[in-house]
Amino acid sequence: PNPNPNPNPNPNPTPNPNLNPKLQNFHQVLLDGVAGGSKAKSSSAAKRRGFTLALAALPCAALLFNLSDIISALAYCCNPIAEADPEARKAGIVSVCRICVRLDEGCEAKGLNRSVSVMLKNRLLGHVVFDALMFALTDYAIDRRGDVGSWVREASAQGLKKIVPILVKIGCWDKKMGEQLVCGLVKQMAEKIARTRRVSGISFEHLIRLRDQKDAKKYAIPHLPCRDMLLEVIDLAEKKEQEQQQQQQHTHQKTANPESDTYDTNNPTETSNPGIDWSRGEVTFPVLIPCLLSGNDTDTDSHSHSHS
């Protein structure tokens with residue numbers, strides 16, 4: 001995917017009379033410090049990280065003033081070819097997702113209503129954001145610290161959990177994007193780094209199970225291939241893990257107090273969070289194998305089908 005159709009922001013944007021001139025100048029300084037990645041005006045990687053995160057904290061009026069240039073510049077920074085510093089690429093992912101979430105939740109600036117309409121008028125921006133996140137899932141950069149690309153991939157997996165429902169809401173979603181999403185997250189769930197498997201698995205499970213707020217019988221994210229099969233496997237994996245957790249708790253309690261036949265429910269260490277621990281290979285890989293074996297022969301999305 002091409003994460004950046006317009007890497008160079010407008011150097012002389014039209015002034016906005018409704019925006020404070022000082023804020024407008026500050027906005028332009030931040031954008032200039034980010035645009036171009038490693039070739040930006042701010043040659044320091046630490047400065048680029050700061051500028052990138054600061055862009056997402058600008059008031060909504062400043063974001064809307066030059067939204068397309070901001071999204072394009074941040075998406076460009078997520079590309080390892082454009083930005084050499086992995087932490088700056090991670091910051092780009094975090095910032096572009098934060099901006100989209102803020103726009104979806106609505107701006108509090110005077111005279112501005114909910115900003116989904118803004119995203120509706122800029123569906124291209126939705127594709128730019130999605131392509132940037134999917135491109136970030138292919139970041140396997142390595143340096144003396146190890147697999148630093150995993151930081152970017154994990155940030156992307158977390159960002160997709162927030163961005164995909166927004167893209168569906170504004171009508172910027174299709175079958176091809178659904179297939180890319182599932183393939184990208186499943187690949188990360190099969191990684192050798194347990195932390196990466198956990199982050200990707202949480203996002204994957206959330207998106208595939210998410211229900212429509214208006215109709216609980218419908219799934220919120222359409223066009224996800226093999227959904228019914230994956231849901232059945234996920235449910236089975238969850239039940240197996242709960243059984244294992246109960247056995248481990250029982251064994252631990254017996255070891256701590258062999259004469260007791262009851263659990264200490266007041267001890268928080270004896271209760272673990274419900275759900276699947278995707279970092280565990282024995283849990284994750286059995287879920288992935290049926291997905292890989294299924295191939296592309298069937299697409300049982302069942303957007304309006306109720307899973308029981």
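1. A residue counts as buried when its relative accessible area is under 20%, as exposed when that area is over 50%, and as partly exposed in between. The model discussed here is predicted. In this model R209 has a relative accessibility of 26%, so R209 is partly exposed. E238, at 18%, falls under the 20% limit and is therefore buried.

2. These two residues also meet: E238 and R209 form a salt bridge whose closest N and O atoms are 3.2 Å apart. The bridge links distant parts of the chain, since E238 belongs to helix 11 (residues 227–256) and R209 to helix 10, 29 residues apart.

3. In total, the structure contains 14 salt bridges. One of them joins the side chains of R89 and D139, at 2.7 Å from N to O. R89 is part of helix 5 (residues 86–105), whereas D139 is in the loop between helix 7 and helix 8, so this pair ties together parts that are 50 residues apart in sequence. Both R89 and D139 are buried.

4. R153 deserves attention for two contacts. Its side chain forms a salt bridge with that of E191 (3.9 Å, N to O), and the charged end of R153 sits over the ring of Y140, 4.0 Å from the ring centre. R153 and E191 are both buried.

5. There is one aromatic pair in the structure. F130 and W173 are arranged edge-to-face, with 5.5 Å between centres and 85° between planes. Because F130 lies in helix 7 (residues 123–136) and W173 in the loop between helix 8 and helix 9, the pair ties together parts 43 residues apart in sequence. Both residues, F130 and W173, are buried.

Key: Residues are numbered from 1 along each chain as its sequence is written. This is a predicted model: local features need pLDDT of at least 70, side-chain atom pairs count only at pLDDT 80 or more; totals for chains, interfaces and linings use all residues. Side-chain values use heavy atoms; hydrogens and water are left out. Rings of Phe, Tyr and Trp (its six-membered ring) pair if their centres lie within 6.5 Å; planes under 30 degrees apart count as stacked, over 60 as edge-to-face and the rest as tilted. Helices (H or I, at least four residues) and strands (E, at least two) are DSSP runs, numbered from the N terminus. Buried means under 20% relative accessible area, exposed over 50%, partly exposed in between (1.4 Å probe, protein chains only). A charge sits over a ring if NZ of Lys or CZ of Arg is within 6 Å of the ring centre and within 35 degrees of the ring normal. A salt bridge is a side-chain nitrogen of Lys or Arg within 4 Å of a carboxyl oxygen of Asp or Glu.
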